[in-house]
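Biologist: I am new to this structure. Would you please take me through one part of it closely, namely the sheet and the core beside which its residues are described?

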Amino acid sequence: MWVTVGIAIAVVATAWLAYSYRRSDAAASAGPAALPQVVVSKPLEREVDSRLGFLGQFSAVEQVELRAQVGGTLTGIHFKDGDIVYKGDLLFTIDPRPYEIRLAQANAQLETANARLVLAGRELHRAEVLAAKAFGTEQTVDQRTADQRTGQAAVDDAKAQIRDAEFDLEHCRITAPFTGRIGTHLVSVGNLIAGSRTATSPTTLLTTLVSLNPIYLDFDMSESDFLTFSRDRARLKEALPTRLRSRSATRQSSPARHS
């Protein structure tokens, strides 16, 4: 029994040694594995210009709503919608006849006040002469002096009324305050226009006027883009050049749908 066990162990050992020898022989004959090939190219050197794109819209630097400072009937429109008008060009006219009548009344009041002032001056002179010769009283002189001052105040008031009437008459002609493109007229000839000098009461909007040169380009920038721009500006010693390129957006029409 023990002889049989020893023979079995000897057979297994002999087989294992033969297998190990063949495996080592095959590994030695195979040799080292080939290394993979790597292709290398030179890097491209270019100047990279960082650009940021935003959606924006143009807006006018100056924009005004034209309203009348005096009321009345609109008698003329002297432009075409969308025209380029220049500073001082006549745009609207309002019926000036009521203001011409008021100016004539103010001139008449000035003539009356001047006549009364001249009379008050003569009466004061007479009162002073009589008082110097003891034929008049100081009370009369004081009264004539007061009359002369009242006459002078009436003259000043009449002159102010004339300037006020001239102001209203001048504003019957509405002109362009600056050069720009005018919008659509919002009133027609024959309409009654409501005007106000200080806009304390409702006024009639006539049209709008916007300037052309220079203009603003308004756009929104995110916080991250602004921080990137700020870091680049701080990194560079010189200030970044202000360079802006605009491109009009193209609008694509969608295909029509037929039912």
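Modeller: Four strands form an open sheet in the order β2-β9-β7-β4, paired in the antiparallel sense; strands (E, at least two residues) and helices (H or I, at least four residues) are DSSP runs numbered from the N terminus, and two strands pair if DSSP finds at least two bridges between them. Because β2 (63–67) and β4 (84–85) stand at the edges with a single partner strand each, one side of each has no neighbour in the sheet. This is a predicted model, in which local features need pLDDT of at least 70, side-chain atom pairs count only at pLDDT 80 or more, and totals for chains, interfaces and linings use all residues. Residues are numbered from 1 along each chain as its sequence is written, and side-chain values use heavy atoms, without hydrogens and water.

Within the sheet, β7 (residues 180–182) and β9 (residues 205–210) are joined in antiparallel fashion by two bridges, and Ile-182 has Leu-209 of β9 as its bridge partner.

The largest nonpolar core has 19 residues, of which Leu-91, Phe-92, Ile-94, Ile-193 and Leu-206 touch the most other members. Such a core is a set of buried Ala, Val, Leu, Ile, Met, Phe, Trp, Tyr and Cys residues joined through side-chain atoms within 4.5 Å, where buried means under 20% relative accessible area (1.4 Å probe, protein chains only). Two or more residues come from each of β5 (90–94) and β9, and β5 gives the most, with three. Leaving aside residues up to four places away in sequence, the contacts of Leu-206 (heavy atoms within 4.5 Å) include Leu-66, Phe-92, Ile-174 and Ile-193.

Notes:
Buried < 20%, exposed > 50% of the residue type's maximum accessible area, 1.4 Å probe, protein only.
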